[in-house]
Amino acid sequence: MRYERPTSLKQASTLLAKEKGSAYVLAGGTDLLVRMRTGFIEPDLVVDIKQIPATREIAITAGGFRIGAAVTGAELGEHAKLKKAWPGVVEAANLIGSKQVQGRCTMTGNLCNASPAADSVPALVAAAAKAVIVGPKGKRTIPVEQVPVAPGKTSLKKGEIVESILLPKRPSRSGDAYLRFIPRTEMDIAVVGVGVSVTLDAKGICTDARVSLGAVAPTVLLVPEAAKALIGTKVDKAALDALAKACSAACRPIDDKRGTREYRIKVAGVLARRAAQIARKRAGGK
Amino acid sequence: MSNIHVRTKINGDVVEYVCEADETLLDVLRNRLGLTGAKEGCGTGDCGACSVTIDGRLTCSCLVLGAEADGSEIGTIEGMAKGEELHPLQRKFLEHAALQCGICTPGILVAAKALLEHNPKPTETEVRFGLAGNLCRCTGYDKIVRAVMDAAQEMRRA
Amino acid sequence: MPLDSTQPSKRDFKVVGTRPLRPDGIDKVTGRAKFGADATAPGMLVGRILRSPHAHARIKKIDTSKAEKLAGVKAIVTRADFPDKTDGDAGLYDVLYNIMAREKALYEGHAVAAVAAVDAATAREALKLIKIDYEVLPHVTDVDEAMKPGAPVLHSTIFTDGVEPKPKKPSNVTRRYEFGHGDVEAGFKKADIVVQRTFKTEATHQGYIEPHACLANVGPDGQGELWVCTQGHFMVRDTCARLLGMDISKLRVTASEIGGGFGGKTTVFIEPVALALSRKANRPVKVVMSRDEVFKASGPTASTSVDVKIGVTKAGRITAADATLRYQGGAFAGSPVEFGAMSAFACYDLENVRAIGYDVVTNRPKQAAYRAPGAPMAAFAVESVIEELAHKVGMTSIDFRIKNAAREGTKSSYGPTYGPIGLLPTLERAKQHPHFQAPLGPNQGRGMACGFWFNFGGQTCVSLNVNVDGTVALSVGTPDIGGSRASMCLMAAEELGIPYDKVRAIVADTSSLGYNDVTDGSRTTFATGMATILAARDAIKKLTARAAQIWSIPVEAVTWEKGYAKPAGSNAGNFPPLSIAEIAAQAGATGGPIAGHHEYSADGAGVSFATHICDAEVDPETGATKIVRYTVLQDAGKAVHPSYVEGQFQGGAVQGIGWALNEEYIYGKDGRLQNAGFLDYRIPVCSDLPMIDTVILEIPNPGHPYGVRGVGETSIVPPLATIANAVSAAAGVRLTSLPMSPPKILAALDRKAAAE
Amino acid sequence: MVKVVVWGSLKPHTGGKAELEIEAGNVRELLNKLGETYPGLKPQLARGVSVAIDGVIFRDGWHEPLGKDSEVFLLPRMVGG
């Protein structure tokens, strides 16, 4: 295996593009090293992108926030403005692994690992986040939900790297939340994850919403029907019931070591209801 | 396989080593540098026995490549006591009998130190969540939590 | 064995019962303590083991030729390197078969070959070059499935023992056990209420944080050294020497610091393999298991299926109790079902009782002991039914248990009549405990259960050397898992009348001390402790004789009091008392070094009881359980170092919490373990738990000079049932299958709602 | 003569009896006589047994005396974790 530590995205992209064997991007490494250790992958090249300045910063832009690919969970949690604007996203990112893992892991890594159970991804999807991708053919920006295409597979082409994640600017009276279910209180992979983002009007009526589910299908799902259940309502009991129903209906889960099909379908609705209530409260609703 | 030359500071001392590209920092510490205080309980970041700090951030050294540490400052359990003087956490762990077999102890001490640096006055719940990445199978954590809270109190008074 | 019958209860202790710092403490908080994987040797090779990917397969051919040619490979061993030297010892043959597969691989992870190479990468590469020709066979991993006619049979040599007539066809049931007395059928006829249920528990792992590790060094002269993390280095020595055809005296085994065992390090796995590799390579070889290997190829506990039927009168007296227990212990005979059957009803005073046990083999790793082996699963089933009966007769959980509790004079369910035992005191103390009066919140339920364990003594040898400055070096042969060196120092200091810090205890290697049984069976503080006390008494005898020499008076004229030799009376002479240091300073002139020894087979450990109380909260929408409060009450006989006694209570309870709620071996249809890591084998983390309250009762054990009783194991017996009772109370539906994972609880809640 | 009780599933080897009368003064004599009188018990005796005398379980100890009125039980060899 070769280890490279380029200082620009262009160098990184070129290294990845030229490698004839298997090449991987290393940011936090909390997934990559586990996969190497368990023999799941045997890389020929690992490109560490942490020396590339753009990957290390959280920038506040006219459009919102730009979060570099190598920004760690711990750094996200320490960024007061980001936390205030997107508490659900930061919470979700901070749920990944332990304090030890938080010191290294990144949202971009979480996204590119393409696990359907990734904690930060439903929150990012609900937040309408976009991924900025740099590659041999230049830059492109796509919605985050288009990055993972199947468990462990992304839409990135050879030589492409996610440089950063963009979170839009928040309209007033907006709130987001992410909840997951795990059997223990920490250290588990989500059995079900739900991200909800809402915007309310002055009367507390939901004018915009996005709802996303994790661990209930091969990829993280954006559930427009669930959002529809909220829009135009005060996110009251009837709306929450409809939301829960829409979420459960959208699930296409499997039975596995972490949970049963029935369980995931049921709990997706329960968590959606709870997450929506938190999001509503954060948006200033009652 | 080409070896990589790495220059770091470990517990304040300049340390240079050569490692393989796919070698973890944990393996470097244990097998190349003789710093066996960090333990491998799982190798996958699930047990915290290999906890160290890198540039002040708590991390599992099994999830970091040795090569990545170039230019970093690493803190391990071996650097926790200052000469003869134990860190208050080390002392309190002994006083409270917060260890039985002791395999998880170095990792827990490193994690607890990082926790208290971040939050000098943690509640029981904060201690519990702060140490959730460190598995202990002997104690049921009761005496560990007591020791950390007691050390925090002593450190605040100091 | 004969013991000075000091009245333990009346004894006034000076240092025993205090809480000094442990002697190995500094090493353990500074990272200096050397555990299994922390040792190195000059010229050391890395050993790696190739394991079967199949749950059950005939090994037709092993081709190592390519691997042998790889540069850096120094030795390869397979079954051919382990000829059968077990001489008809069936148990030892199973160990041999388990450490290296022979004609068949019997479980996923079964060792099939091993390599020693110059580094880990080369060893890994070499494993890939070993070609094994497998004929995959049908497999079975579930205990009930394995008992069915037509199930894949693992061994053509197993014909169920203990049934009449002896079966003519081989099966997976190795043995049937039966315990009990009275007439259960007649007893059930007298019952007003009968509850009968079936329970299942999944296999769990001891989950010690330190993977198995050893460093072997064997030369062509047949002499060898082994550094190893184990609960019993003498056991490792004797077993390895027999398997490899070595003289026991030529193999010196040193116990490293041990990073947890809980029973899982009471046998050998990698050790004979490392020795064989080292012998073949003529180089030191270190073998360290990965966590994945620990789960797949060490010794988890049994999974079980248990039927329980208990009848009571309206007045709340049990009339009959019956249980059938089926335990699978992996690919070889020896699940702990007999101890499950013996202990199942041991807490109760029963006229009519029967427990039948079946030991079953399946395509899983060979089980090893886990803290009170076999008892927690039986207690889960029995105490769940007991709780249900208490409610049915309209009594409180605790009063029902008190009414039916075993006491002195009760004929135990496994046979013998109890002497003085501590069950009622734990129950009565529990009844008074504020935990029982505390109000419960919404969705919370309270449960309790009792537990029993045998404990034992075992072969023990201790050496106590008095140094010239009067300090004491104590050599014991039982590895220290949870602070036992501190306890030994306390007992030696107590007996000799010197301060605790004047005694230093070490765990001596196998060439420095006589044989010691493994640190297991809650025996160390009891048996090694008693040997320490008796070795100290032996030293005192010699110190007294030396004092007599110094004073030139007869030995009979010297007495020993609180650390000093004194003239027995005014007739003996008027000499100022001599301290140990003063006597030791003259050792050379008065006959040479002064030492005390004791070697014996310790018995009289005394059975142990505990009562646990738990409050659990169940989220009715997700089935998630939170342990809100937990209290352990247990008899320790005499707590030598109370902090470490509390630690045993707390640790056992929390392992039980894991077992009850989340821990389980999950097998796929392919017979492969799906969760061989700490990510999905979910042991409790710090944030899952409340503080664990403890109450130490001290009802002296007449079999120990200080009244000590083993405490290590009993604490894991009640939790499964305690938590099941709490969760069932919170959920309003009886849970009968462990772990009570959220999907199981939610499904039970749904079934309840559908029924209502 | 001492009365010794064996556990239920050993009965096939003792002619269906759970309670046996054996002439033995100590544990060693008891185990030897049991093996001689009931050869079917030999494999179990070889695997290891414990003997409970008046409520106290002995895992080792040939020399442990057995009184005429002693309550004696044969039990599986104790193990622990």
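This is a predicted model: local features need pLDDT of at least 70, side-chain atom pairs count only at pLDDT 80 or more; totals for chains, interfaces and linings use all residues.
Helix H21 of chain C, residues 742-755, gives four residues to the side of chain C that touches chain A, and that is the largest share. Sorted by class, that side of chain C has nine nonpolar, six polar and seven charged residues.

Staying with chains C and A, the rule finds seven salt bridges across their interface. One that you can look for on the screen joins the side chains of Lys266(A) and Asp750(C), at 2.5 Å from N to O. As for the extent of this interface, 22 residues of chain C are in contact with 19 residues of chain A, and the area buried between the two chains is about 1,900 Å², of which carbon and sulfur atoms give 52%.

Let me turn to the other chains. Which chains have the most contacts among the four pairs that touch? Those are chains B and C, where 42 residues of chain B are in contact with 51 residues of chain C. The size of an interface is often given as the accessible area lost when the parts come together. For chains B and C the buried area is about 3,900 Å², with carbon and sulfur atoms giving 60% of that figure. On the chain B side, Leu94(B), Gln100(B) and Arg137(B) lose the most area to chain C, and together they account for 22% of what that side buries.

In one salt bridge, the side chain of Lys143(B) meets that of Glu646(C) at 2.5 Å, N to O. The elements of chain B that give two or more residues to the side touching chain C are helices H2 (88-95), H3 (105-118), H4 (124-130) and H5 (142-157), and by class that side of chain B has 20 nonpolar, nine polar and 13 charged residues.

No contact joins chain A and chain D, whose closest C-alpha atoms lie 27 Å apart, and none joins chain B and chain D, where the corresponding distance is 14 Å.

Now, within chain C itself, helix H15 (residues 484-496) and helix H16 (residues 524-551) pack at an angle of about 30°, with their axes 9 Å apart, and their crossing is right-handed. Among the residues making this contact are Met488(C) and Met491(C) from H15(C), and Ile533(C) and Arg537(C) from H16(C). By class, the contact has seven nonpolar, seven polar and two charged residues.

Finally, some backbone details of chain C. A cis peptide bond joins Glu164(C) and Pro165(C), with omega about -5°, and Pro165(C) sits in the loop between helix H5 (143-147) and strand S7 (173-181) of chain C. Another cis peptide bond joins Leu738(C) and Pro739(C), with omega about -5°, and Pro739(C) lies in the loop between helix H20 (719-731) and H21 of chain C. Asn443(C), although not a glycine, has a positive phi of about 60°, and its place is the loop between helix H14 (434-437) and strand S16 (444-453) of chain C.

Conventions: Residues are numbered from 1 along each chain as its sequence is written. Chains are lettered from A and ligands numbered from 1 in the order in which they are written. Side-chain values use heavy atoms; hydrogens and water are left out. Axes are lines fitted to C-alpha atoms, for helices over the stretch in contact, and angles run from 0 to 180 degrees between N-to-C directions. A crossing is left-handed if the near helix is turned anticlockwise from the far one by less than a right angle, and right-handed if clockwise. Contact means heavy atoms within 4.5 Å. Ala, Val, Leu, Ile, Met, Phe, Trp, Tyr, Cys and Pro count as nonpolar, Asp, Glu, Lys and Arg as charged, and the others, Gly among them, as polar. Buried area is the accessible area (1.4 Å probe) that two parts lose on being put together, summed over both. A salt bridge is a side-chain nitrogen of Lys or Arg within 4 Å of a carboxyl oxygen of Asp or Glu.
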